[in-house]
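Please keep the sequence and the structure in view while reading.

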Amino acid sequence: RVGADLTDADKASLESTRRARAADVLSRVCAPLLKLLASHKWAFPFTTPVDTSLYADYLSKVKEPMDLGTIRSRLDAGHYREPRDFWADLMRVFDNAKTYNPPGSDCFLMAQTLQEVAQERFDKTVAPRLQEEVRAARLEKQALSVRRGEALDVADAAAVEAAAGRLLLRVDELSAALADVSSEAAALCPLVEPEEKRALLQAMQALPTRGLEAVVA
């Protein structure tokens, strides 16, 4: 058996492992990336929420505000379940800035620069780790499926062995019953000794034809 379908418990175990890996990527890879960006010399416009009292039209142009400080708080609170959610918020910071500010403006260029830094860092550190986790999860699933199949093979073999044992027991019972029947038949039909056979033959030969026919009939 190459593999077997996973049980609900198997799937839950794999999902738990996957989430643990995702949390590890968030803390070991994504958090350092955020720290790097926040420490950049051009990060200051993006570290706190935009003050809408100063930019009254901001919310009319930006539907989902986001900033590096909010992302930091979400990371610390365990808000992100997947690295892709972290990345979506991070890109939203810079996309919002480029949406609100005209191309060529200082804030637009700052956002563009930081976004490029983030993308380069993501490609070098985050993406390879995510690919590694995907491969590991796939291999774990395959290994668990194979182990499940092997367990079923053992169970199948045990079932066949048990059935064979029951069949052999039945054969023994039938053999014993047949021996009993043979013994009973032998008791009902005892063997005729040679002397008795000769005497019986002579008596039959001495009978007239009518008497012989009656004996045979």
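In which helix do Asp89 and Arg92 both lie, and how many residues apart are they? Both belong to helix H4 and are three residues apart, about one turn of the helix. The model is a predicted one. The points below begin with this pair and then turn to other parts of the chain.

- The side chains of Asp89 and Arg92 meet in a salt bridge, with an N to O distance of 2.5 Å.
- Asp89 counts as buried because its relative accessibility is 5%, under the 20% limit for that class.
- Arg92 has a relative accessibility of 22% and therefore counts as partly exposed.
- A network of salt bridges links Asp89 and Arg92 with Glu64 and Arg74.
- In the structure there are eight salt bridges.

**Salt bridges of Asp24**

- Asp24 forms a salt bridge with Arg28, and their closest N and O atoms are 2.6 Å apart.
- Asp24 and Arg28 are separated by about one helical turn, because they are four residues apart in helix H1.
- In an α-helix, residues three or four places apart point the same way, because there are 3.6 residues a turn.
- Arg28 is exposed, at 59% relative accessibility, whereas Asp24 is partly exposed, with a relative accessible area of 22%.
- Asp24 also forms a salt bridge with Arg129, where the closest N and O atoms are 2.4 Å apart.
- This second pair links distant parts of the chain, since Asp24 is in helix H1 and Arg129 is in helix H5 (residues 106–188), 105 residues apart.

**Helix H1**

- Helix H1 covers residues 8–38.
- The 31 residues of H1 should span 45 Å at 1.5 Å a residue, and the 42 Å between its end C-alpha atoms agrees with this.
- H1 bends by about 35° at Cys30, and the proline Pro32 follows within four residues.
- Cys30 is one of the buried residues of H1, which also include Asp10, Arg21, Val25, Val29 and Leu33.

**Helix H4**

- Helix H4 runs through residues 83–100 and has 18 residues.
- From its first C-alpha to its last, H4 reaches 26 Å, close to the 26 Å expected at 1.5 Å a residue.

**Aromatic pairs**

- A search of the whole structure finds five aromatic pairs.
- Tyr80 and Phe86 form an edge-to-face pair, at 6.0 Å centre to centre and with 90° between the planes.
- Both Tyr80 and Phe86 are buried.
- Ring pairs also join Tyr55, Tyr58 and Tyr100 into a cluster.

- Tyr55 is placed in the loop between helix H1 and helix H2 (58–61).
- Tyr55 has a relative accessible area of 40% and is therefore partly exposed.
- Val50, Leu54 and Tyr55 make a nonpolar surface patch of about 290 Å².

Methods
Residues are numbered from 1 along each chain as its sequence is written. This is a predicted model: local features need pLDDT of at least 70, side-chain atom pairs count only at pLDDT 80 or more; totals for chains, interfaces and linings use all residues. Side-chain values use heavy atoms; hydrogens and water are left out. Patches are made of residues with over 30% relative accessible area and no salt bridge: like charges are joined within 9 Å, nonpolar side chains (Val, Leu, Ile, Met, Phe, Trp, Tyr) within 5 Å. Accessible areas come from the Shrake-Rupley method with a 1.4 Å probe; for residues, only the protein chains shown count as cover. A salt bridge is a side-chain nitrogen of Lys or Arg within 4 Å of a carboxyl oxygen of Asp or Glu. Helices (H or I, at least four residues) and strands (E, at least two) are DSSP runs, numbered from the N terminus. Buried means under 20% relative accessible area, exposed over 50%, partly exposed in between (1.4 Å probe, protein chains only). The expected span of a helix is 1.5 Å times one less than its number of residues. The bend at a residue is the angle between axes fitted to the seven residues ending there and the seven starting there. Rings of Phe, Tyr and Trp (its six-membered ring) pair if their centres lie within 6.5 Å; planes under 30 degrees apart count as stacked, over 60 as edge-to-face and the rest as tilted.
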